[in-house]
Structure formats: C-alpha cells, structure tokens
Amino acid sequence: MSSKEKFITERSSLLGSHPIHIPYDASNGESSSSTTSPNHSFSEETNTTHPLTHTVVSPEATVYDKTSICPPNEQRKSHSPSSIHKRARGQSRGQMNMGDKSGLSIRSENYSSIDMIRDRIKEATRQRKLNSAPGLRGRWEKALDASQAWILVIIIGVTVAEFAWCIDVVQEWLSDIKKGYCTMHWQYNEQFCCWGKEEHEACPEWREWSDVFGVENEVHSYYTAMAVYTAFGLVFSLLAALMVKYSAEKLIMRIPATPLSKKPSTIFPSTHDNSEDLGLSNQLKDFPATRTITKTAYYSAGSGIPEVKVILSGFSIKGFLGIKTLLVKSIGMILSTSSGLTCGKEGPFVHLACSVANIASRFFPKFCRNESKKREILSAAAASGVAVAFGAPMGGVLFSLEEVSYYFPSKTMIRCYCCAMVAATVLKITNPFGTRKIVMFEVHYDKEYHIFELIPFALSGILAGFLGACTVYCNIKFQYIRKETFIGKYPLIEVMCIMLLTASISFWNPFTRLDLSAFAANLFSECSEKNDNGGLCAKTIDDIPNILYLLITALFIKIFLTIITFGCRVPGGVFLPGLIIGAVTGRIVGLVMQYITLSFPDAWPFLLCAQDMASHGKCVIPGVYALTGAAAGLTGVTRSTVSLVVIMFELTNSLTYALPIMIAVMTAKWTSDSMFPSGIYDLLIELQNYPYLESNKAYQHTVTVLELAEEVPTIDLNTSVSVDCLHQKMKTLSEMGYGTDGGIPILCRENTLQGYVSTYELSYALKRLSKQQANASYPYHHDARKTDVYFMANKLHSPHNDSFSDNTSSCVQRDEEHSILKGNDFSPYVDYAPAIINESASMEMLVDMFVKMGACYLCVVDSHGTFLGVIYKRRLIVYLKELEEK
C-alpha cells in the first residue's frame, strides 16, 4: 500500500473505532501494516472509550532547574540551552529565532487537531522579526503585512457575492421552469416575465406546461402539471446526488478488532536504540489486532456548518474547503433547492464562503502557513455567507460569533464586519432579485401591535420552539437509522424516493407546492385588496377554518419532509425549512387570534381594537405572528438567539416588531432547551464523531489530572534512536488511537521533560531522511532502518560515522554523506517548550487550557518537572463524553 494513501482519524475513541496513521517504513518507502482487506462495509461500535485507569510512571523526585537541559547531576557543557538552541536555530531556516523554541511547523495530517498555541507562538515570533526591520523598507513591509487581512476579506466578500448572484438567479429560474416558461425571453423566471403585473392579473407571456401540451380539462391539467413538476424534480435531484456521490472522498481507516478501552495503555522506556531490546514487538501484542476499512466522506452534502464549526475549533479536514467541493456544492445546491426538496441554500452559503476563504488564503503566506490565522479569516467568511444568504450583514457577524466561531477576538469581529459589508454591497450592486434591495422578504405593516398580543406572541414562540426541537430530534434519529441500515448504502435511490414522496404529498396543497422562499414571503406578508398572499388571506371570517386546515396539513408535511430530507446526499441546509416550520406555526396562531377577535369584538381584551377595526377592519395581523414564529422555529432548531433576532430584522426590514420577536425567541429557547439541550449542528457533530470540545458546557468531574493522563512511548534526549525504533514508537501511538495528532515526549535521564515532537512532524522527518538515502548517488550499504537519528543538534556524528561505508574516498561521496547525516538531525522539529500542566491542577483548568488556549496535548509533570504522562485532546473528549452519558 502506498505511503501517499490517506490513513485518517475519525473521532474513534467515542465509538471504539480507532483510525490509525500507518508508520512509514524507511526500508522500502511503503507504509507498514498487517491488516485485512479494506473491501468490506463500514460499521461502527458505539460507547467504546479509552480507559480511565493507567499505570503511571513515578520516578524518584529530582530537583529541576529550568535553565538546564538535564538534571543538575547529569548536566554537561555540551547540553547547555544556548548551544543546543543555537544549533537548532541554525538548522531551522530561521523559523526558530527570536526566542521561539517550539520547533518547525509542518502541515498537519488529515483529520487531526491543530496546535493553536504553537501557531500563535509562531505568529508572535514572525511579528517580532517583522517589527525589528529598520528604515523605510521596514515600514513598507509592516504596512504590507497589516493590509493582507483587509485585502483578503475584501476579495472574499466580492467573490462570495458573485457566487451568490449566480446561484440566486439560476435557482429562481430552475424553480419556475417546473411550472412553465417565458415566451418572450426563455431565460426569465416568472417574476421577470410578468414584471409590473399584479398577482392574479393575466400574464400571456408566461405559459404553463398544461397550456404547452394543449390540455384544457381542469383535472387533466392538474395531473399534467404534477407530472412535469415531478419529472423536473427527479432530474434535478438526481443530478445533485450524482455530483455529490462522484465527488466523495474515499477514506481508509484502521479500527481495533476489540475495544481498546479494555486494555490500559502502557509506557515504553527509551533507554536503548533498537526495538528488539525494548521488547516493543512483544508489548504491542497486548494491543488488539486492527483491520482496515473504507469510509466514504460526502463533503458536498448537507449544509456544511457542523464541519465548519469543527474546523474553526482547530480540527483539520482536508478537501472539505477545496476547489472541487466549492464547485460541486455551488451547482448541487442550485439543483437540490430547485427540485422541490425540503432544503435550503442558506446553510450551504456558509460552507461555500469558507471554501472561498480557504482557497484565497493560499495566495497570502501569512494565513496559508498558519492554521490559527487562517481560522480567523474563515470566521469572517462565515459572516459573509450569512450576509448574502439572507441579506443580513450584521446578522451574519453575530451568527459567526454566536454559532460558528470558536475563537473570536476583537480583530476577528471587525474583519467579519468588513467581509459581510463588502459582500452585501456587491450583492446590492448586482441586484439578483431585480428590486435594488438585498432584503429577501421585505414587509410593511400598517399598524402597531397591542399589549394583549404579547401573550399569543409568547405562545407562538413556545409552539414553534417545541416543533423545531421535535423536528431536530426526529431528524437525528432518522439519520442514525440511515447510517446504520441499508438506506445509507444507496444514496441515489434514497434521494429519488424522497423526491417522489415530496412531489406526491406536496403538490395537492397549494402552500407546500410553492418554493420555500416564495412560501415564506407569503407567510410574512400583510393581506391587502390586491394581494391575498397565495390564498393565505381570509376575506371573511368563514374562510379562516379552511385556511387553517391547509396550513396545519402543510405544517405536518413540512415537518415530515424536513425529517427525512435533511441529511440525504444532496447539498442543502435546514435553516429555511426550520424558518418555514416556525412561520407556519406562527401564522396558524395569528389566524386563530384573528378569528377570536372577529368573533368576540366586545370581549374585554379586544376593546383596544375598536379604533383599528374602524380604520382597517382588523385587529391583528397574522403575518406578524408568522414573523415571530419563524424566529422561534429557528431557535428551536439551532438554539441561536441574538443573531436570529437581528437576522429577522434585516430579513424583513421590520424593526417595529422587535419586542415580539425577542419574546418569541426567548420562550422558544427555554422550551427547546428544556426538551433537548443541543441544537442541530452540535448533534450532527456528535453523529459524525468529530473531536469537538464545547466551549460553554460545565462538567462535574470525577477524576484528577493524573488519573486522566496516559503513558505513551518516549524518547531519551541523550541517546540515539534508530529509525526502526521510531517506527515502533509511532506504531504504538497509532494502536492507541493517536496516529495523526499524537506526539512523543522527549526526556532526559530520570524522566525529566525537555521537549515534544508531534507524530506528523516526525513522519515528515522520517520520510525526508528516507528520500535522501534513496537519492544518494553512492552505494548505501548500511541498513536504513538502523540509521541513528538525533533530537539534539550537537549529538550528530561526524561524516565518518560507522553508519555509512568507510570505503568512500572521493570528495563528492564525503559531501553527500555529510548531507545525509544532516537529515538525521531531528532537533529542528522538537518543541523545546511543550505545553505542560501540573499533576495537582484542577480539571477545570485542564479543560480551559484545551478549550480557550487551543491546546491539542498537555504533558503532565510534577513540581520537579518529572514527566508523568500525556493528555491528548481526543482523550479529554472521550472523558467528557462519558460524563455526559452518565
């Protein structure tokens, strides 16, 4: 199996599946493993975790001097920090200068955690070097560096707006083509074709398909329209599903045959330089045998917001924000939303915007080479995605802060503001809706609300929040069924069946037949003599029961279709379906209130309506209840609050009803949280088993820091280590489930912690050494696996080391040998200032260091600096998951 294949890590500790990074074999350039064939179906075991009990090393206490690289009784002149770090800086191409001793930064593996602390140290070091540049050139370089972020967010805003313009225009045309076409200009949708005409005014330029086929009978015309609607829907949904399927990534994983939680991890001393003396091969037998499986990752399906949240929290998912995913998702979301499936394009806009940001940041080294800085730009891009999706730039900034972003300093907020502003400005200039406005559902209400209406507003919030939470709960349950049964194995058939079911149960109802955006616009609108909002307006009190019947059936149809549709293999989000569920609920409450006020005008609370009844003929506006219900429904689905209130203001341009919306959102939040504490995006993260730490949860801890620490293979800084020995250590980490984002602590004698090297940087160094040996022009007689490598620059052997042939005599050979020997100096990859925590520290401090500082590991030491174990981010997530289950 080629070493270039992707062996990635899913958050396996939570499910008992441990995807493994396969150690690189320097002898043949291949990945070494003994596994079964990957050609079998994927299955996951649940509720399997790492153990909480370990055999902890407890060496004798030693006095630790922070200025020495070894304990005082073993300190040598050659081991002084200055000599070591001078050599390290000389080997690191200038990246370890200015006091930075965190080692070289190599791009992380796929599906691994990002070390945010290290990235911020690198950025601080770069800034110090930049600020130290004197003269006019130094000022120019600093100005150019400071402007990179603003240039980048402007480029992102403009690009996202252009994508949004194309998607909006094409999506509206494809949605209307299911009903008919424009005879004057085939590229016009129904709105532009019948521009200037009232809703029920005849429009001869627009021909419906029943007229095209010459069907005059009303019944035959209905079935003809239904057949064409279904046919177009099937074609569009099939194309979207095909694009998602054939753009999917095949991920190769390794999982243990038996749960790892039954076997505690074991520490492997590193006092010798070969694996036979260590007995690693025998100790590895204690770990369960592993098998290889394949899993298909549909990066273009769904909304993408859960994965964006995980990426912003410091998790690497390569390819998810790539060019292929951007193109497939852009085209696929047009097809899926135009087909009539109950999904929206608002959530995918966030994924699309982050993809644009990721691609654009590749041209700016400041962000391309630093994952922590790149995530600041991704947060700004997420705000622009919401801005173009709803025409709500301020709501986009708040949504990025409240729902998406994990690390949100003040400079990120102003960049979000700039990016959203630019995107909204360009969208207004391009004018995709032909109204010269970016507001999607602009409404105008000609009267104020009454005080007694605050109670039904709160009631609509409770009902909408309840239905939103129930929809999320049922959808997640169905997604687990899809994942664990045959349904997930046939995504194309599933999408086609959902489309047929959608057409068959939706077409008969005039409300569910509408496009989701058009239906929402009608629900929010106020009734008038010229506009009955697609049949939602009651001309007399006797019309209200029939409208209520159609709305109630439409509500349950939309809930059912949202449950089965969201999560299927097409691009589409749950934002607009959740808004529709809440808006229909609110409209129902509004119509009930309208019926009561018209039936009992002399009742005590409704005496306040006398003036309105005389001037407008009505006391309440059902569209206002739809507006408050829409915000409440979204709160029940996503658990967001402040950002949704602002989005609804900007979405409808209705600041008059700020208080009713706030009341509905708050009551919906209380209702949904009392039922299920997590929103749809957090539940999807759990469903996909991503290692995500919640930043706003409180836990009642049951273990100490020392009990949570794991014993892992270590490296002795004072002795050489063979390539084969390093492979064995990495294989051990892989068997423990830390093959991609683990690391190996570096110790002096008596287990004094001196450094840390990550597995992906160690893999890079080993591959680089193997490539140097393979490309050597002279015969290489020594076994490559026995080559010694060093983690201190001053431990390098001379060019006449016995690891190489002594028969070389030419100057060219000696020069090449010296070049090879430089390759076995791994000191530039060592972090000499690893993140540590004292064994006596509280668990709250431990969690805060991972959540707020962005650490991906913490080395546990005692008061003398003696190494006791490591706590990886994945291990902490397993433990917190166990607490939640209890």
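Isoleucine 498 is found in helix α17 (residues 491–506); helices (H or I, at least four residues) and strands (E, at least two) are DSSP runs, numbered from the N terminus. The model is a predicted one, in which local features need pLDDT of at least 70 and side-chain atom pairs count only at pLDDT 80 or more, while totals for chains, interfaces and linings use all residues. Residues are numbered from 1 along each chain as its sequence is written, and side-chain values use heavy atoms, with hydrogens and water left out.

Isoleucine 498 counts as buried because its relative accessibility is 6%; buried means under 20% relative accessible area, exposed over 50%, and partly exposed in between (1.4 Å probe, protein chains only). Leaving aside neighbours within four places in sequence, isoleucine 498 is in contact with Leu341, Ile564, Thr565 and Cys568, where contact means heavy atoms within 4.5 Å. The C-alpha atom of isoleucine 498 is separated by 9.6 Å from that of threonine 342, and the two residues are 156 apart along the chain.

The protein chain as a whole has 31 helices and 14 strands. Of its 886 residues, 59% are buried. Among contacts between residues at least 6 apart in sequence, 79% join residues at least 24 apart.

In soluble globular proteins, nonpolar side chains tend to be buried together. Here the largest nonpolar core has 182 residues, and those with the most contacts inside it are Ile156, Phe524, Leu551 and Leu846. Such a core is a set of buried Ala, Val, Leu, Ile, Met, Phe, Trp, Tyr and Cys residues joined through side-chain atoms within 4.5 Å. Helix α19 (residues 544–565) gives the largest share of this core, twelve residues. Apart from this core lies another, of 36 residues, including Met792, Val830, Cys856 and Val870.

Isoleucine 156 leads on to a helix pair. Not counting residues up to four places away in sequence, isoleucine 156 touches Ala353, Val356, Ala357, Ala360, Ile377, Ala381, Ser384 and Cys419. In the contact of α3 with α13, Leu152, Val153, Ile156, Val160, Ala161 and Ala164 in α3 meet Ile377, Ala380, Ala381, Ser384 and Val388 in α13. By class, this contact has ten nonpolar, one polar and no charged residues; Ala, Val, Leu, Ile, Met, Phe, Trp, Tyr, Cys and Pro count as nonpolar, Asp, Glu, Lys and Arg as charged, and the others, Gly among them, as polar.
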